[in-house]
Structures are given as C-alpha cells and as structure tokens.
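Thanks for making the time this morning.

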Amino acid sequence: MRILVTGVKGQLGHDLAPELTRRNHAVIGTDLAPNDSGASAYIPLDITDRDAVQKVIREIKPDAVVHCAAWTNVDAAEAEENRARAEAVNHWGTKYIAAAAKAADAKLLYLSTDYVFSGEGETPWKPDETHDAPLNVYGQTKLAGEIAVRNALDRFFIVRTAWMFGANGRNFVKTMLRLGGTQGSVRVVNDQIGTPTYTKDLARLLSDMIETDRYGCYHATNAGGYISWYDFTKEIYRQAGLAAAVVPISTAEYGLSKARRPLNARLDQSKLREAGFVPLPLWQDALERYLKETGLENGSNFSDL
C-alpha cells in the first residue's frame, strides 16, 4: 500500500514509518519540519492549511492515511494564546485530513487519547461508550478530531492510547531518569491510574490494523494491568539501577499542572482481541526493551536527558 503518515517526526511517527517500510509499504511522511525522516519519502506539510492538505493527498493518492500529527503540549494548550492553535491542529487539521482522505478513497487511522474522557471513577473506559466531558483543552480538541473523522468517513480506525514513551523526543521515562540521576528523591503522583505504552509496540499494532478492514474505535496500551505514575517510576528506577527515593503524592499535592489531569486513564482493550488483533506485550517488558534499545540501561548518564 501507499501510506501517508502525518507527524512522522513525532514520538510515534518516528517508529511507525520504519515499521510500515519494513513491511514493504510505500511510506510518505509529513511534518512541519523541512528535513527528511525515516519514511520512504518526506513532504513538509502544515495540516492546518486546508489547501495544502488537499493538494498533498490528491497528488500522493494514498491507499491509507495514519494521522499521528497533533498538538500534545497539554499544559500549554490551556493558555489563551495557544488555545486557537491547539484547536486548529487537533480539530481543524484532522477535519482537513479526513476530508482529503475521503476524496482520495483512502482509509484513515486516527490516533487519539484517554483525555477525551472525563477521567473520573475507577471503571476502565470502553472504546464505544458515550464520552463524558473532557477535562481540558487538549482533550476537547482531540475529541473534536474524533468527531470530524466519524462524520467524514466510513472506513476509519480511531485508536486511543495513553502514557506513551519512545526513543524520539521527550517523555515521562526520560524525565524520571534525569531527575533520578541528579536528585536523591523524586515526588510522583500516585492517584492517576493508567498503563504505559511503548511506541515501538504500538507501531506494530497500528501496522497490523491498517492492513485490515476491521474498522472501528479501539484502545491500545501495553498489557500488565493498571498502575500509577508512582508505580511506573519505581519500576523505571529498579530497571535502570537508580537509588533515588520515590515519594508518593496526590495530584492535589503536586499542584504544578495548568491543565487538569485524568485520575482514571484506564482503557479497556478487550475489543482488540475480539477483533483478532494481537495486543501489546507487558509494559514491564516494554520498558526493559526500551532502556536497552535507547542505551539508557543500568550505568548510563541520565543528566543530559
């Protein structure tokens, strides 16, 4: 297939393009940056430019589009000067991508997030249940993107994920390693519950998915149960051989985030198995592979992360 991947220079796109290429698909990557990427071909594209989106997709004639591009700075999106940009990227950019994919008769896979839910309660969110009101601007704009995809297309996948970490860019694992390598103790919230997701594992699943016509909305994180950020940090330090103490605190005690964070990021993934997809491996195994593959295993210098 000819597959267009938006946001190819982001954390997930960085792993997805090589995985699709490895499977002998012709991958065309797009992003804002004017330099090349791991895709077979690369085209700079601002997805908030409707005419540019239509032109690129019309000329490429993809069989499928995997839409990873997004505004993901959750706290920055709360600032008045940034709200319009987050809306332009996550809502209108997705609407333009979906309309152009429809015109090109291409199927679309849209990456979304647990933030589209209210983040309340303790019951895992199911893929097809009614949405509650998102807690923040990021969640609101990603939900608007989901609605735009549903309204434009019949052949679509919506995949919600959470707590992503990968080799490219910043993420929670790198931040905790840097703090643990330079401080004697680290305060981490223990009342936000979810499951980590390694981008390499997610890239494999998304590649499996785009090769099928099993359309619909799915949830995908690594397996291994629901944990807190505190639990995750403890395991990061154990695997990395760091002696820093991890101090559990509540979200209210942390109090530094401009955007409200969901306490319940539990995603029910049973639909993946029901549809015949192979779920992601255990998050503990994913973390071990990530540390080795990025050279961040025991003995590394974490101060520059």
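In which hand, left or right, does helix 5 pass helix 10? This is a predicted model, so please hear everything I say with that in mind. In the model, the crossing of helix 5 over helix 10 is right-handed. Helix 5 covers residues 172–182 and helix 10 covers residues 283–293, and the two pack at an angle of about 70° with their axes 12 Å apart. Since angles from 65 to 115 degrees count as roughly perpendicular, helix 5 and helix 10 are therefore described as roughly perpendicular to each other.

If you look at the side chains there, Val173, Lys174 and Leu177 of helix 5 are in contact with Leu287, Tyr290 and Leu291 of helix 10. Sorted by class, this contact has 5 nonpolar residues, 1 charged residue and no polar ones.

Let me turn now to the other helix that packs on helix 10. Helix 7, residues 229–240, has an axis that comes within 10 Å of the axis of helix 10, and the two cross at roughly 45°. Helix 7 and helix 10 are therefore oblique to each other, and the crossing is again right-handed. On the helix 7 side the contact involves Phe232, Glu235, Ile236, Gln239 and Ala240, which meet Trp283, Gln284, Leu287, Glu288 and Leu291 in helix 10. By class, that contact has 6 nonpolar, 2 polar and 2 charged residues.

That brings me to the aromatic rings. The structure holds 14 aromatic pairs, and one of them is the stacked pair of phenylalanine 165 and tyrosine 198, with 5.3 Å from centre to centre and 5° between the planes. Because phenylalanine 165 sits in strand 7 and tyrosine 198 in strand 10, this pair ties together parts that are 33 residues apart in sequence. Phenylalanine 165 is buried, at a relative accessible area of 1%, and tyrosine 198 is buried, also with a value of 1%.

A further stacked pair is formed by phenylalanine 172 and phenylalanine 232, at 5.8 Å centre to centre and with 15° between the planes. Phenylalanine 172 belongs to helix 5 and phenylalanine 232 to helix 7, so here the pair ties together parts that are 60 residues apart in sequence. Phenylalanine 232 counts as buried, at 1% relative accessibility.

Finally, Trp163, Phe165, Phe172, Tyr198, Trp229, Phe232, Trp283 and Tyr290 form one aromatic cluster.

Key:
Residues numbered from 1 in each chain as written. Predicted model: local features only at pLDDT ≥ 70, side-chain atom pairs only at ≥ 80, totals over all residues. Heavy atoms only, no water. Axes fitted to C-alpha atoms, helices over the stretch in contact; angles between N-to-C directions. Helix = DSSP H or I, 4+ residues; strand = E, 2+ residues; numbered from the N terminus. Parallel < 35°, antiparallel > 145°, perpendicular 65-115°, else oblique. Left-handed = near helix turned anticlockwise from the far one by under 90°. Contact = heavy atoms within 4.5 Å. Nonpolar A, V, L, I, M, F, W, Y, C, P; charged D, E, K, R; others polar. Phe/Tyr/Trp six-rings, centres within 6.5 Å; stacked < 30°, edge-to-face > 60°. Buried < 20%, exposed > 50% of the residue type's maximum accessible area, 1.4 Å probe, protein only.
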